[in-house]
Amino acid sequence: MSLKVLVVVGVVLSVCAVCLEAAPQAEKYEAYEYKYEVKDPEKQLFFDKNEAGDTAGKVTGRYSVWLPDGRLMTIKYIVDKEGGFQPEVDFQDNANPLSG
């Protein structure tokens, strides 16, 4: 009789272990923020980036690159679970980010 009880207890524990492994875990995010900027007048280079993430997993940011044709390309974006990466691209003609 005790062998049957041990087998049943073992089966129940095995099922519980499988259920615990299969249970979805809540995703945990830490808030963060960073930015950088590179200006090199000698080489006519400029680029920068700002980004922040919140505890819900949503990321917002923006980055800019000064293109060889004189335009400043800026991409603003949001990244979240529902929409993925959602960029908005803007171009500013005759920009000079080095003069400021």
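**Strands S2 and S3.** I looked up the pairing of strand S2 (residues 45-53) with strand S3 (residues 59-66) and found them antiparallel, with seven bridges. The model is predicted; I noted that local features need pLDDT of at least 70, that side-chain atom pairs count only at pLDDT 80 or more, and that totals for chains, interfaces and linings use all residues. Numbering starts from 1 along each chain as its sequence is written, and side-chain values use heavy atoms, with hydrogens and water left out. Two strands pair if DSSP finds at least two bridges between them. Strands are DSSP runs of E with at least two residues, helices are runs of H or I with at least four, and both are numbered from the N terminus.

I then picked out Asn50, whose bridge partner in S3 is Arg62. Five residues lie between the strands in the hairpin of S2 and S3. There, Gly57 takes a positive phi near 95°.

**Strands S3 and S4.** I moved on to strand S4 (residues 72-80), which runs antiparallel to S3 and is joined to it by eight bridges. Across this pair, Tyr63 stands opposite Ile75 in S4. S3 and S4 also form a hairpin with five residues between them, and Gly70 in its turn has a positive phi of about 95°.

**Glu51.** Is Glu51 buried or exposed? I found Glu51 in strand S2, and its relative accessible area of 12% makes it buried. Buried means under 20% relative accessible area, exposed over 50% and partly exposed in between, with a 1.4 Å probe and protein chains only.

Which side chains make a polar contact with that of Glu51? I noted Tyr32 at 2.7 Å and Tyr77 at 2.4 Å. A polar contact is a pair of N or O atoms within 3.5 Å; within protein, one must be able to donate a hydrogen and the other to accept it, and residues adjacent in sequence count only if both atoms are side-chain atoms.

I also listed the contacts of Glu51 (heavy atoms within 4.5 Å). Leaving aside neighbours within four places in sequence, Glu51 touches Tyr32, Glu33, Tyr34, Val59, Thr60, Gly61 and Tyr77.

**Whole protein.** I counted one helix and five strands, in the order α-β-β-β-β-β from the N terminus on. Of the 100 residues, 19% count as buried. Among contacts between residues at least 6 apart in sequence, 23% join residues at least 24 apart.
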